[in-house]
Amino acid sequence: MKLALGHAASPRIWPVALIGALVLLLGLLAAGLRSGPRELPSPLIGKPAPAFQLQTLQSPQRMLTPHDLRGQVWILNVWASWCTACREEHPAWVDFAKSQRVPLYGLNYKDKPEDAMRWLGNFGNPYVHSLVDGDGRTGIDWGVYGVPETFIIDREGVIRHRQVGPVTPQILRDTIIPLLQRLGP
Amino acid sequence: MRRWCALSGLMCQRAIGGLIVLLFVLHNAQADTDSQLEARVMQVAEGLRCLVCQNETLAASQASLAVDLRAQIRGMLAQGQSPEEIRDYMVARYGDYVLYRPPWRASTLLLWVGPFVLLIAALVWVGRHLRKRVNTTAATLDPETAARADEWLGVPPSVTREAGGKAASQGAEHRRTASRGLPS
């Protein structure tokens, strides 16, 4: 009787277990499809902002380092005049800059200064300063793999958030501004 | 020629010849170290993922970031840094994702072990299924069915007598155990 029970139970458990595993696998694959494989997690979240010493676009004789920005929450937005997605997100940053929540700094990535100046002249300049990263070395140090990217740095100089790709008004409203409120002025 | 060569004719020729040979050797040596360095750059880049075109290695990609990162690798190798130091440098900036071979971590355990777990589960299932099938085919022939099958197939009864008889007794056993619990 015991043996008969075992025979009856095993053929029912195995197909169910296999179908369960298959459904789980399909769910995992579906989640993988939805989760935007282009957005890589940054190992720099929670780490101090990588050091740099860069000229600014407007005043080439002045050098800026992350140390100069300590004691305040600030945003670093990586942009370039050749980048079409930057053009797309630009109005959102111009609006954001008007609200004067926190200073917005630009990292002008692998660009010609004259092109960059013309671009800011045409579309408005939301940045306190734009740092000149002509050869993209600072971009590498920040783990930038595409433009635009945006980093939020807290008062201790620690990176708290990274946004890959263009910022939209929704992202500003739902993610970035709430985080800034939590981090304080 | 005599005007700028301060040596006698033959000596001068030899000196110039020697100079040309020396320049040639130096040039080749330079090209040699260049191609050696390039080979090492490519070796390191083979193990790293291009972050823009994510299914390519850093060595294969022509994306501008890949070109920049290869230049970075070249610079670091020329400074005498080891491939491990370069890999650490890349991982610190771009995360484990930059490694073409994912490392053993708790988060990558499913990736490494998953296929083998699935394979073993499938093999166990197939094994059990096959064993069950062997049992059931042996038990389904009862003497009447066997006789009818023989009749339809036109097989003389003597050929299957032995095998059929064995199966028949098993089948009868089976039916008896099955009917035991049922109200009749």
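How many residues of chain A are in contact with residues of chain B? Select both chains: 24 residues of chain A are in contact with 23 residues of chain B, where contact means heavy atoms within 4.5 Å. This is a predicted model, in which local features need pLDDT of at least 70, side-chain atom pairs count only at pLDDT 80 or more, and totals for chains, interfaces and linings use all residues. Residues are numbered from 1 along each chain as its sequence is written, chains are lettered from A and ligands numbered from 1 in the order in which they are written, and side-chain values use heavy atoms, with hydrogens and water left out.

**Stop 1: the interface**

Keep both chains selected. The size of an interface is often given as the accessible area lost when the parts come together. Between chain A and chain B, about 1,900 Å² is buried, and carbon and sulfur atoms give 59% of that; buried area is the accessible area (1.4 Å probe) that two parts lose on being put together, summed over both.

Now select D141(A) and R93(B). They form a salt bridge whose closest N and O atoms are 2.9 Å apart. A salt bridge is a side-chain nitrogen of Lys or Arg within 4 Å of a carboxyl oxygen of Asp or Glu. The count between the two chains is two salt bridges. On the side of chain A that touches chain B, α1 and α4 of chain A are the elements giving two or more residues. The most comes from α1(A), with eight residues. Helices (H or I, at least four residues) and strands (E, at least two) are DSSP runs, numbered from the N terminus.

**Stop 2: T138(A)**

Select T138(A), in helix α4 (residues 137–141) of chain A. Is T138(A) buried or exposed? T138(A) has a relative accessible area of 7%, so it is buried. Buried means under 20% relative accessible area, exposed over 50%, and partly exposed in between (1.4 Å probe, protein chains only). Leaving aside neighbours within four places in sequence, T138(A) is in contact with F52(A), L54(A), L107(A) and D133(A).

**Stop 3: L118(B)**

Move to chain B and select L118(B), which lies in helix α4 of that chain. L118(B) is partly exposed because its relative accessible area is 42%.

**Stop 4: H67(A)**

Return to chain A and select H67(A), in the loop between β2 (63–64) and β3 (74–79). H67(A) is exposed, because its relative accessible area is 61%.
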